[in-house]
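Student: Hi, I'd like to talk through a structure with you. Could you put it up first?

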Amino acid sequence: MGFFNVHGDPTMDPYTILKLPNTASDAEIKKAYRLQMLQLHPDKLRQRGMKYDGKVITEDEARLRFQTMKQAYDTLSDPKKRQIYDALGHKGMDFVINPSHAYDPHVLMGNLAKSSVFDRTKLMALVCAFFGLVLLQPILICAKVDQMLAEDGQALEGSSWIAIFVPFWLYSIFFAVVLVAGKAWLQLAHWTCFVVGILFLTLRWDEIID
């Protein structure tokens with residue numbers, strides 16, 4: 001199961017669980033859900049000798065399948081959840097809906113343990129790049145201010161503030177792409193306003209605008 005695979009484990013894919021194509025309409029989703037409910041109903045299962053999809057299952061397995069099917073329906077029947085899932089997959093949806101999981105060490109370690117070595121390497125590279133940008137920005141700002149105040153200004157003194165904020169611009173682009181992928185338009189609008197404000201501030205510091 002790849003860390004960057006959008007839909008990840010096919011057994012967790014709501015479309016696969018409900019036996020639907022990705023283009024299924026709301027009516028088709030409801031119909032598939034009702035059909036699955038009938039197939040997993042305890043009385044119907046007993047009448048068929050506890051057979052489901054040609055296999056004999058236990059009551060515990062039937063209960064687990066029902067819960068999984070219900071979660072799949074909850075995802076696809078909610079337009080917002082479905083959009084997020086289609087764009088970012090199961091893990092991305094969980095991150096957007098439950099952002100606290102991003103800081104839960106148990107969840108993070110669980111996801112990391114399930115990923116391949118190659119995926120872990122990519123993840124670590126992204127984490128290092130992210131924190132590198134986050135830490136580099138204040139360092140550049142402090143270094144420029146320090147050189148501006150020093151009598152013998154050095155290289156950064158003549159650098160423009162727009163150039164100094166390159167790490168921030170890169171981070172802003174990455175974050176905007178994530179918001180667009182998740183179709184979080186309101187958050188994107190707020191973030192855009194913030195970035196534009198920083199841009200005008202740097203242009204003023206560079207005396208490009210009054």
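Student: Is Phe165 buried or exposed?
Tutor: Phe165 is buried, with a relative accessible area of 8%; buried means under 20%, exposed over 50% and partly exposed in between, using a 1.4 Å probe and protein chains only. Keep in mind that this is a predicted model, where local features need pLDDT of at least 70, side-chain atom pairs count only at pLDDT 80 or more, and totals for chains, interfaces and linings use all residues. Residues are numbered from 1 along each chain as its sequence is written, and side-chain values use heavy atoms, leaving out hydrogens and water.

Student: Which residue forms an aromatic pair with Phe165?
Tutor: Phe168 does, in an edge-to-face pair at 6.2 Å centre to centre with 85° between the planes. Rings of Phe, Tyr and Trp (its six-membered ring) pair if their centres lie within 6.5 Å; planes under 30 degrees apart are stacked, over 60 edge-to-face and the rest tilted.

Student: And what about Phe175 and Trp191?
Tutor: Phe175 and Trp191 are also edge-to-face, 4.9 Å centre to centre and 75° between the planes. Phe175 lies in helix H9 and Trp191 in helix H10 (residues 185-205), so the pair ties together parts 16 residues apart in sequence. Helices here are DSSP runs (H or I, at least four residues), numbered from the N terminus.

Student: Switching topic, where is Ser172 found?
Tutor: Ser172 is in helix H9, residues 166-181. Its relative accessibility is 6%, so Ser172 counts as buried.

Student: What does Ser172 touch?
Tutor: Leaving aside residues up to four places away in sequence, Ser172 touches Trp191 and Val195, where contact means heavy atoms within 4.5 Å.

Definitions and conventions
Helices (H or I, at least four residues) and strands (E, at least two) are DSSP runs, numbered from the N terminus.
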